[in-house]
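Open your viewer, colour by chain, and keep the selection tool at hand. We will take the stops one at a time.

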Amino acid sequence: MSSIEARLSELGVVLPAPAAPVANYVPFVVTGNRVFISGQVSITPDGLITGKLGADVDLETGIEAARACGVNLIAQVKAACGGDLERVARVVKLGAFVNATPDFADHPKVINGASDLMVDVFGDKGRHARAAVGAPSLPMNAAVEIDGVFEID
Amino acid sequence: MSSIEARLSELGVVLPAPAAPVANYVPFVVTGNRVFISGQVSITPDGLITGKLGADVDLETGIEAARACGVNLIAQVKAACGGDLERVARVVKLGAFVNATPDFADHPKVINGASDLMVDVFGDKGRHARAAVGAPSLPMNAAVEIDGVFEID
Amino acid sequence: MSSIEARLSELGVVLPAPAAPVANYVPFVVTGNRVFISGQVSITPDGLITGKLGADVDLETGIEAARACGVNLIAQVKAACGGDLERVARVVKLGAFVNATPDFADHPKVINGASDLMVDVFGDKGRHARAAVGAPSLPMNAAVEIDGVFEID
């Protein structure tokens, strides 16, 4: 087992089969040594985490939702690497959208659910640039959506 | 006529003169073999498609608005290629914002208006990564805004 | 003094110490000759400019907030260049989020506060692609957040 796969296992992270394209877009595009990954919503094996931070979703659930997006991003980058996560050279950038009310202000705490996962899994290679902002609504009422840019070898 | 221009013609797509810069930003920047294109709003030869999905804009009009953004992106990438759309190697990423109410959930269906256009025009090279999210408001009350990353030869 | 530093001085722009990482993300990642910079909020030496355009923040203050984000982006790219701003080859893309009400429509005017700064400081190298959209809420109730992609030598 590779060291990244071992770390996933230690963390109890089970990667889903990467979500198939549902339209004329694709889950990721490789250009040069960079991978652009489509926005991943907060879906888990138990279903989609839905709702709005500041209203019907509490902070803890928001963090869990962001972590779910992170797991789905890792599943996609694994597919982009032909199954070998050791080829991930750097998590470059996460673009994070929190389904939130106008008075919500804790977007960074929510998105740490994904950021912490990246560092737990990839170590220093997991330290990334990011933007975290609110959105009034997200696809299928998902609580969080995150897209990503990765560098691979 | 090049094959891409022929396909545009078959689809009845007339590219507008690419919108001129209206400020100290520019419509696109070429860096290496990638083109970063500024957010294009849903403007058509008949004017700007305005309004909010979930309120005063229906799904069909939203799809048309997204397609208009796509047409404007293609006009910009054509300019970036010195007029030769055959130089487009890949549509890499679309970043899509839907002017939407807090309870709207069909952002993917709206943005398919742009995604379908890319594949209709560029074929497999048109298959892209994307993110589709809501925005509470957009410039000039546009219904949709989409930016893009393209790879060119 | 380098020419860029001289221009900053003429403009009366004092770069802050670049904000330290507050979590498992970092202020910037260098990949190849590109720098991806995390979303910078509208913080100034006098504190964070907070509030919502269309409600409690007027246009002039919004422009000032966007300029503050721009100053913070320049502080980060300076750090990415090891302190030498002459290494900035191009401001490639700004991704701008305005904390705004559903009926706000002047996002471009707000974000010109950052766009104008880039051209004032970097000249033609400062002309960038950008997207400007609304967000219902931003971290810590910041009025504006902007992330960036730069090309460096």
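Start where two chains meet: select the 23 residues of chain A that are in contact with 29 residues of chain B, contact meaning that C-beta atoms, placed from the backbone, lie within 7 Å. On the side of chain A that touches chain B, at least two residues each come from strands S1 (28-31), S2 (34-41), S5 (88-99) and S7 (144-152) of chain A. The largest share, four residues, belongs to S2(A). Colour this side of chain A by residue type and you get 13 nonpolar, seven polar and three charged residues. Here Ala, Val, Leu, Ile, Met, Phe, Trp, Tyr, Cys and Pro count as nonpolar, Asp, Glu, Lys and Arg as charged, and the others, Gly among them, as polar.

A word on what you are viewing: this is a predicted model, in which local features need pLDDT of at least 70 and side-chain atom pairs count only at pLDDT 80 or more, while totals for chains, interfaces and linings use all residues. Residues are numbered from 1 along each chain as its sequence is written, and chains are lettered from A and ligands numbered from 1 in the order in which they are written.

Next, stay in chain A and select S5(A). Eleven of its twelve residues are buried, that is, 20 or more other C-beta atoms, placed from the backbone, lie within 10 Å of their own. Strands, like helices, are DSSP runs numbered from the N terminus (strands E, at least two residues; helices H or I, at least four), and two strands pair if DSSP finds at least two bridges between them. S5(A) runs antiparallel to S7(A), with nine bridges joining them; look for Val91(A) opposite Phe150(A). S5(A) is also joined to strand S6 (residues 129-135) of chain A, in parallel, by seven bridges, and there Leu94(A) has Arg130(A) as its bridge partner.

Now move to chain B and show its whole sheet. In what order do the five strands of this open sheet lie? The order is S1-S2-S7-S5-S6, with mixed pairing. Strands S1 (28-31) and S6 (129-135) of chain B are at the edges with a single partner strand each, so one side of each has no neighbour in the sheet. From one strand to the next, the twist averages 15 degrees.

Zoom in on S2 (residues 34-41) and S7 (residues 144-152) of chain B: they run antiparallel and share six bridges. One to pick out pairs Phe36(B) with Val149(B).

For the core, select Ala96(A), Val144(A), Val144(B), Ala96(C) and Val144(C), which touch the most other members among the 154 residues of the largest nonpolar core. Such a core is a set of buried Ala, Val, Leu, Ile, Met, Phe, Trp, Tyr and Cys residues joined through C-beta atoms within 7 Å. Centre on Val144(C), whose contacts include Gly62(C), Cys69(C) and Val110(C).

Finally, zoom out. Chain A superposes on chain B by a rotation of 120 degrees with 0.0 Å of shift along its axis (RMSD 0.0 Å), fitted by least squares on the C-alpha atoms of residues with pLDDT of at least 70 in both. That is the relation of a three-fold axis. Only 9% of the interface residues of chain A are also interface residues in chain B, so the copies meet through different surfaces.

Notes
Axes are lines fitted to C-alpha atoms, for helices over the stretch in contact, and angles run from 0 to 180 degrees between N-to-C directions. Lists of a residue's contacts leave out its neighbours within four places in sequence.
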